[in-house]
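Have the model open while you read.

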Amino acid sequence: MTLRAVVRGVGHYLPERVVPNSEFETLVDTSDEWIRSRSGIERRHFAAEGEMTSDLACKAAEAALANAGMTVDQIDAIVVATSTPDLTFPSVATMVQARLGMVKGFAFDVQAVCAGFVFALSNANALIVSGQAKRALVIGAETFSRLMDWTDRSTCVLFGDGAGALVLEAVEGKGDASDRGILATDLNSDGRFRDLLYVDGGTSTGTTGHLRMEGKEVFRHAVEKLAETAHASLDKLGLTGEDVDWIVPHQANIRIIESTAKRMKVPMERVVVTVQDHGNTSAASIPLAMSVGRARGQIKEGDLLVAEAIGGGLAWGSVVLRW
Ligand code: ACO
């Protein structure tokens with residue numbers, strides 16, 4: 001028997017304010033047409049003043065718990081993927097723990113920027129299969145609107161705010177790819193590429209800073225590395241793109257999503273796409289897409305999913321799981 005981390009519930013939260021591309025036309029020299037055609041984004045949500053990453057994370061967590069039919073006292077670990085914590089410390093995860101009324105177990109944040117949810121899932125899986133946690137809440141939550149330079153048209157039109165969450169539970173499996181739960185993961189980073197995508201603030205400046213990105217270069221790495229990592233985790237199971245029911249990609253750019261699907265020989269009908277409605281919500285984008293994909297009736301119990309993401313670091317990776 002093999003312990004598997006099986007998805008028991010999923011949920012998401014999006015801030016109320018929807019910002020269409022047209023709003024940027026008065027802010028910077030851009031157009032709805034440029035944003036749609038170059039990124040696939042049509043609108044995104046922005047958090048209200050005073051609405052913090054932990055608020056979004058709590059709401060997504062509550063939705064996931066409700067979906068799982070569980071209460072917080074059944075959870076023993078919370079892992080939050082975020083690069084936009086309310087404060088430098090304590091972690092968003094401990095804020096969520098307190099707000100949900102969880103008085104046992106442990107909670108911590110994972111920071112791998114847009115790849116954060118894949119890293120968090122892989123960590124939560126390790127905790128579950130090693131017996132350190134029976135049930136874990138894994139959350140991706142971001143307020144990237146707070147990192148934008150509103151004079152930089154090449155970045156400010158791309159990002160949005162939101163949160164998504166999964167409840168994972170330890171379940172005995174057979175030990176083969178027919179099991180439900182997380183089946184394989186592949187994590188990578190290469191700090192030599194740190195200057196391609198970073199925030200120019202932190203303890204070194206005493207400010208939060210703004211996001212800076214060499215979009216074209218990140219695009220080039222994304223197209224190459226996302227298919228590579230997806231294949232690497234599928235290889236561990238002796239599977240290929242043909243076995244995949246759904247790719248749930250990080251939602252940064254429709255052109256990256258399409259190119260990765262093509263390299264994996266998976267038709268776009270089997271890719272969950274939400275970038276048009278959410279923009280790039282960094283670590284929140286994959287759990288948001290899983291939650292929306294489930295609500296749309298796309299993802300069904302027993303389906304084989306590959307989630308893949310790349311972000312600042314560069315850090316990238318993938319998770320294969322059977323829902
Ligand atoms: N409106 C109008 N024109 C614009 C805009 C805009 N919002 N932004 C840039 N342009 C201009 C540029 O100035 C450039 O003009 P020039 O040729 O006169 O210099 C032109 O459009 C083309 O710019 P490119 O950067 O070549 O545009 P490209 O087709 O590469 O698309 C984009 C840019 C959308 C940023 C793309 O490169 C991309 O998606 N990159 C990857 C981003 C990504 O995946 N990030 C994921 C990780 S995010 C994370 O970890 C936080």
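Before going on, some ground rules. You're looking at a predicted model, where local features need pLDDT of at least 70 and side-chain atom pairs count only at pLDDT 80 or more, while totals for chains, interfaces and linings use all residues. Numbering runs from 1 along each chain as its sequence is written, and side-chain values use heavy atoms, with hydrogens and water left out.

**Around the ligand**

| Residue | Ligand atom | Distance |
|---|---|---|
| Thr30 | nitrogen | 2.6 Å |
| Trp34 | nitrogen | 3.4 Å |

**Two domains, face to face**

The chain splits into domain 1 (2-173) and domain 2 (181-322), with bounds that come from an automatic or database domain assignment. Their centres, taken over C-alpha atoms, sit 14 Å apart. Across the interface, 50 residues of domain 1 are in contact (heavy atoms within 4.5 Å) with 46 residues of domain 2.

Together the two domains bury about 3,800 Å², 66% of it on carbon and sulfur atoms; buried area here is the accessible area (1.4 Å probe) that two parts lose on being put together, summed over both. Cys114, Val118 and Leu147 supply 16% of what domain 1 buries against domain 2, more than any other three residues.

On the domain 1 side, the elements giving two or more residues include helix H1 (32-39), helix H4 (116-129) and strand E6 (135-143); helices (H or I, at least four residues) and strands (E, at least two) are DSSP runs, numbered from the N terminus. That side divides into 25 nonpolar, 15 polar and ten charged residues.

**Salt bridges**

Side chains of opposite charge can pair when their charged atoms come close. Counting a side-chain nitrogen of Lys or Arg within 4 Å of a carboxyl oxygen of Asp or Glu, the model has 16 salt bridges. One of them joins Arg4 and Asp179 at 2.8 Å, N to O. That pair ties together distant parts of the chain, with Arg4 in strand E1 and Asp179 in the loop between E7 and strand E8 (181-189), 175 residues apart. Two salt bridges run between domain 1 and domain 2. Asp277 and Arg43 also meet in a salt bridge, at 2.5 Å, N to O.

Phe89 to Pro90 is a cis peptide bond, omega near 5 degrees, and Pro90 is in the loop between strand E4 (77-81) and helix H3 (92-100). Gly313 and Leu314 are also joined by a cis bond, with omega about -10 degrees; Leu314 lies in the loop between strand E12 (304-311) and strand E13 (315-322).

Notes:
Nonpolar A, V, L, I, M, F, W, Y, C, P; charged D, E, K, R; others polar. Polar contact = N/O pair within 3.5 Å; in protein donor to acceptor, adjacent residues only side chain to side chain.
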